[in-house]
Amino acid sequence: MVLCITPQKVINSFLVFFWLFMIISCNNKKEHEFILVDLNETYSIKYSDIFYDLQIVQLDDGVLVGDIDDLIVLHNRVVILDRRISNAVHFFDRNGRCIKSIIADDGPQVFTSPSTISLSQNGDEILVTDGMSYSIYFYDLDGKFLKKLDNRDLSVDAIDFSGDNFYVWSRNQVDWSKKLELRDLINFSVNGYIDLEKELEFKVLDGRAASIFKNSKYDNLCFTQKFHPKIIQISNSKIQSTYLFQFNSSNFDYLKGNSYRMVDLYREIKGRSLNALNGNLVAIGDHLFVDFIYSGDPYIRTFYFNKSSKKNIVLEAIINDMDMVMKNRRSLYKYPVVNEYMTYAYQPYDVQQALYEYDREDNNPYLEDIRSLNLKSDSNPVLFIYKLKEDIAISW
């Protein structure tokens, strides 16, 4: 028998293998989006485009709250981390009444040095990481001690939950493919890793350079690294998509696969007035408000990015039409969005000054609430708690 191979058979065979290869590749391929940010296209939005309610909370002056390093707002609680002044975690109700203050100590039920606070997956426990003992302390929403998990390997710099997964970030982990861990909720053992290294364009060494962000209403986790051009989206314990951002001018010219020290990156970007992501963002479903360093501008700017439409636009201003302390902003970020709330903390003097300079032509529905505050004798920050809209619709 003579095997006859014609040119047409070769072409057909090639086509079959080509389409099989494409099908397999498409099935294994993650979404990878290249996003060009046009710095010349700017727009302004209003607070009322994003929020629909504001509560002003004056904290009980019976307890000293110095710096607010982080906070968690729930429907009936406000939990505040102050690791520099009072070295404590404070539990308040939504009217500002202090329920309990847990001051750093060295014992089986109290942390030695509070580093971060997180909300448990079911929303009824507060997790406090200890920067010295590497342990995690669990408290209920009244500040009652529940349990302690010991982590003798590495310090924990961030904790978050998404779906049934427990994510732990440690900047001290040398191996980048193991920096973001999947841990067991019962005994805190490592169940796996999110391999970030293969998705990073370059790595930033030294300093608190990376963060994970999630609004608890949604099941997506966003990973960012300071000055890095990518935002990595994670869900169901896998990297689902990556967004690589490029500005239309003055970009940091990096070498792919390289490692950079934070101090060198900062000197290069600031010294040459380059553009770069700042590492902070507000994630609300498909809406991302991303902070960036704008060339020649000493202040952080923000651009809006919609993951569905791939639309992005630089925000010239975020007009504050809901309170009168800060007329407008160029950045939304202050404290991460948790439980559909965003919060700003103002010193009493700043609120008093804003009242003094208030433009009476403005129609401010919250003015009387602000004027009713007893600010003269108060030394604690005043919280302005905004409630996110269920569905954000921004038209350009």
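Q: What makes β5 and β6 a pair of strands, and in which sense do they pair?

A: This is a predicted model, in which local features need pLDDT of at least 70, side-chain atom pairs count only at pLDDT 80 or more, and totals for chains, interfaces and linings use all residues. Residues are numbered from 1 along each chain as its sequence is written, and side-chain values use heavy atoms, with hydrogens and water left out. Strands are DSSP runs of E with at least two residues, helices are runs of H or I with at least four, and both are numbered from the N terminus. Two strands pair if DSSP finds at least two bridges between them; β5 (residues 77-82) and β6 have six bridges in the antiparallel sense, so they meet that definition. Within this pairing, Leu81 has Val89 of β6 as its bridge partner, and the hairpin has five residues between the strands, with Asn87 in the turn at a positive phi of about 50 degrees.

Q: How do you know that β6 also pairs with β7?

A: Five bridges join β6 to β7 (residues 98-103), and the two run antiparallel. Val89 has Ile102 as its bridge partner in β7, while Gly96 takes a positive phi near 95 degrees in this hairpin, which has four residues between the strands.

Q: Why is β6 called largely enclosed?

A: Buried means under 20% relative accessible area, exposed over 50%, and partly exposed in between, using a 1.4 Å probe and protein chains only. Six of the six residues of β6 (residues 88-93) are buried, so the rest of the structure largely encloses this strand. Both faces are covered, with Ala88, His90 and Phe92 on one side and Val89, Phe91 and Asp93 on the other.

Q: What makes a set of residues a nonpolar core, and how many residues has the largest one?

A: A nonpolar core is a set of buried Ala, Val, Leu, Ile, Met, Phe, Trp, Tyr and Cys residues joined through side-chain atoms within 4.5 Å. The largest one here has 35 residues, and Ile50, Phe289 and Tyr386 are among those with the most contacts inside it. Strand β28 (382-388) is one of the elements that supply at least two residues, and β28 gives the most, with four residues.

Q: Why are the buried residues of α3 said to line one face?

A: The buried residues of α3 are Pro348, Val351 and Ala354. Seen down the helix axis, they fall within an arc of 125 degrees, so they line one face; the arc is that of the directions from the axis to the C-beta atoms. On the other side of α3, Tyr349 and Tyr356 are exposed.
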